[in-house]
Amino acid sequence: MKTAFMFSGQGAQYKGMGKELCENFKCAEEIFDRADNALGFSIKEICFDDEEKLNNAIKRELIKLAEKEYSSNKTSSNTFSEGHIVLRSEIKDNKIYSYILAEYGVYSTQNTTVPQTEGSASGPLTLVFEVSSSNEYDLIEIKQPQDGENYGNSLKSIFPEDLLSAVKD
């Protein structure tokens with residue numbers, strides 16, 4: 001009789017899943033090593049050790065988004081900024097999907113000590129990353145809900161059902 005450990009791929013994965021098995025059973029570690037080789041990147045690193053690295057990648061991409069959307073507001077006294085909350089990240093189809101609540105924009109301190117908003121946006125986003133061969137997160141897509149009457153349906157198309165209550169107004 002053989003024993004198999006299966007991780008379903010239905011969004012039930014969680015940070016650190018399988019780490020205890022790897023630490024306590026050599027055969028589990030060998031399976032993760034084989035998966036790393038087959039994928040071309042370290043699934044162990046993503047599953048066990050990579051939360052800060054993913055947060056930094058999200059921050060980098062939100063700053064880029066702010067710079068793109070508000071570049072006409074850029075002056076020497078302006079600063080691009082972001083804040084985000086990761087509701088969940090999961091691996092699907094060899095990609096990392098991060099479901100976040102974000103705020104990003106450009107802020108000015110010209111003639112004041114209190115930052116003034118020059119332009120900003122906030123709301124739910126899904127950021128989709130690939131993992132490069134050097135284990136870096138490369139953004140491949142940002143999914144945003146549509147404004148207006150299609151907001152609810154478009155939100156359902158980019159967020160898992162169990163997270164919708166966290167992002168609805």
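Asparagine 94 sits in the loop between β1 and β2. Helices (H or I, at least four residues) and strands (E, at least two) are DSSP runs, numbered from the N terminus. The model is a predicted one: local features need pLDDT of at least 70, side-chain atom pairs count only at pLDDT 80 or more, and totals for chains, interfaces and linings use all residues. Residues are numbered from 1 along each chain as its sequence is written, and side-chain values use heavy atoms, with hydrogens and water left out.

Asparagine 94 is not a glycine, yet its phi is positive, at about 60°. Its relative accessibility is 46%, so asparagine 94 counts as partly exposed. Buried means under 20% relative accessible area, exposed over 50%, and partly exposed in between (1.4 Å probe, protein chains only). Aspartate 93 lies in the loop between β1 (78-92) and β2. Its phi is also positive, near 55°, in a residue other than glycine. Aspartate 93 counts as exposed because its relative accessibility is 63%.

The chain has 6 helices and 4 strands. Along the sequence they follow the pattern α-α-α-α-β-β-β-β-α-α. Of the 169 residues, 36% count as buried. The accessible surface comes to about 10700 Å², and carbon and sulfur atoms hold 47% of that area. These areas come from the Shrake-Rupley method with a 1.4 Å probe; for residues, only the protein chains shown count as cover. Contact means heavy atoms within 4.5 Å. Among contacts with a separation of 6 or more, 52% join residues 24 or more positions apart.

Confidence is given by pLDDT, the predictor's confidence in each residue, from 0 to 100. The mean pLDDT of the chain is 82, and 86% of its residues reach 70 or more. Strand β4 (residues 137-143) has the highest confidence, at a mean of 94. Helix α3 (residues 43-49) has the lowest, at 72. Where pLDDT is low, the predicted coordinates should not be read in detail.

Tyrosine 99 belongs to strand β2. Its relative accessibility is 2%, so tyrosine 99 counts as buried. Its C-alpha atom is separated by 6.2 Å from that of serine 89, 10 residues apart along the chain. Neighbours within four places in sequence aside, tyrosine 99 is in contact with residues including Ile85, Leu87, Lys92, Leu125, Ile158, Phe159 and Leu163.

Serine 132 is placed in the loop between β3 and β4. Serine 132 counts as buried because its relative accessibility is 16%. Its contacts, leaving aside neighbours within four places in sequence, are Phe41 and Asp138.

The second largest pocket holds about 170 Å³ of space. On a 1 Å grid over the protein atoms alone, a pocket is an open set of points where a 1.4 Å probe fits, with protein on both sides within 12 Å along at least five of seven lines; lining residues have an atom within 4 Å of a point. Grid points are joined across faces, edges and corners, and a volume is the space filled by probe spheres set on the points. The elements giving two or more residues to this lining are β2 (95-108) and β3 (116-131). The largest share, 5 residues, comes from β3. Lining residues include Glu69, Tyr104, Ser122, Leu125, Asp147 and Tyr151. The lining divides into 7 nonpolar, 3 polar and 2 charged residues. Here Ala, Val, Leu, Ile, Met, Phe, Trp, Tyr, Cys and Pro count as nonpolar, Asp, Glu, Lys and Arg as charged, and the others, Gly among them, as polar.
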